[in-house]
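Please view the sequence and the structure together before reading the points below.

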Amino acid sequence: MQSTVFTILFVKLLCLTLHGMTAVLAELPSPSNIRINSVNMGLVLEWDPPQNHTEKLTYRSEYKWKSVRSSYQYVCWNTTALCCDFTSHLNKFGVYTFQVRAEREGETSHWVETKEFIMDEHTTLGPPSVTLVSSGANIEVSIEDPVLRISEFKEIYNHATFNITYWKEGQEKRAKRMTGIQLHKVVLELEQWTRYCFQVWVVTERFFKQSQPSNVTCESTPKAKDRPWVMALVMFVVMAVSVPLVVLAFWHCYRVVSFLRPKVKLPGHFTVYLLAPQCSSILALQSSPQPDEVYHEVSIMPGGTDGERAPSGGRNNIMHINQTD
């Protein structure tokens, strides 16, 4: 009897143990590699899906503002994305903690929490904007502060300087460096006829933060203003070539015009003849009436003056005279 009771208790205990182990094994795994990506006072929480888990999961992410709220506030929920943007919910001087968990049909994983994040201290400053303007042998470097997402740069980092590195194009290993520049515009007097490249960093006095480097920007010192005699020589050559060409062009035009419009005038009857319609004389002849022919019979009698003799044969000769009125 006692052995039977012990057997029943052992079976129940074993069932409870197996059920607990099954529940533990069935629990959702948590997201991995949770990290904060913050540039220019923006903040995005990122994570990777649970390892060795291929089923479709959703995620819930929250934040807590230290010394202001004791509980977490959710920002992203029921999302399949592996990130959540908290920027619009944060203060530029706030201290925050973030957490995320996986969810699936009512099941949830354990929360994964980050360390405390101080916005103005831990955020990464992006690169400044750099513009170059050349004038003669000088290059003016204009620098603009990084643009922050939730505040103006000067409101947080009111004391900042710039580090400028520049070099001749192709000679980066021989670069020169200027540090502690407080002005946003710097004019450098450099070599003539040379191309220079620049890169700039921002360094804040607060927390001694250094920004990401700017893009490499290059500019050449102009040639015309550095060598005035070159421009004068070019102008002289252009004038020496263009002036004779212009004179020859005018002379050629004058010859053509003189040929087409000569100064010698034609006689008046030539002008009238040339201006008269063609074939006018022929038309006048065709339109005039035909003249009448008049015949007069003339008889030559023998016995005239001495030496005159009548034609042989005794025949009368007749002369036709064509007479027009």
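This is a predicted model: local features need pLDDT of at least 70, side-chain atom pairs count only at pLDDT 80 or more; totals for chains, interfaces and linings use all residues.

Residues are numbered from 1 along each chain as its sequence is written, and side-chain values use heavy atoms, with hydrogens and water left out.

**Overall make-up**

- The protein chain has six helices and 16 strands; helices (H or I, at least four residues) and strands (E, at least two) are DSSP runs, numbered from the N terminus.
- Of its 325 residues, 27% count as buried, where buried means under 20% relative accessible area, exposed over 50%, and partly exposed in between (1.4 Å probe, protein chains only).
- Among the contacts (heavy atoms within 4.5 Å) with a separation of 6 or more, 60% come from residues 24 or more positions apart.

- Three strands form an open sheet in the order 1-2-5, with antiparallel pairing; two strands pair if DSSP finds at least two bridges between them.
- Strand 1 (32-37) and strand 5 (83-85) are at the edges and have a single partner strand each, so one side of each is left without a neighbour in the sheet.
- Strand 2 (residues 44-48) and strand 5 run antiparallel and are joined by three bridges.
- Leucine 45 stands opposite cysteine 84 in strand 5.

**Aromatic pairs**

- The structure holds nine aromatic pairs; rings of Phe, Tyr and Trp (its six-membered ring) pair if their centres lie within 6.5 Å, and planes under 30 degrees apart count as stacked, over 60 as edge-to-face and the rest as tilted.
- Tryptophan 47 and tyrosine 59 form a tilted pair, 5.7 Å centre to centre with 55° between the planes.
- This pair links tryptophan 47 in strand 2 with tyrosine 59 in strand 3 (residues 58-65), 12 residues apart.
- Tryptophan 47 is buried at 1% relative accessibility, and tyrosine 59 is buried at 3%.
- Tyrosine 74 and tryptophan 77 form an edge-to-face pair, 4.9 Å centre to centre with 85° between the planes.
- Tyrosine 74 is partly exposed at 45% relative accessible area, as is tryptophan 77 at 48%.
- One aromatic cluster is formed by Tyr63, Trp65, Phe86, Tyr96 and Phe98.

**Serine 151**

- Serine 151 lies in the loop between strand 11 (138-144) and helix 3 (153-156).
- Serine 151 is buried, with a relative accessible area of 11%.
- Not counting residues up to four places away in sequence, serine 151 touches Lys92 and Ile156.
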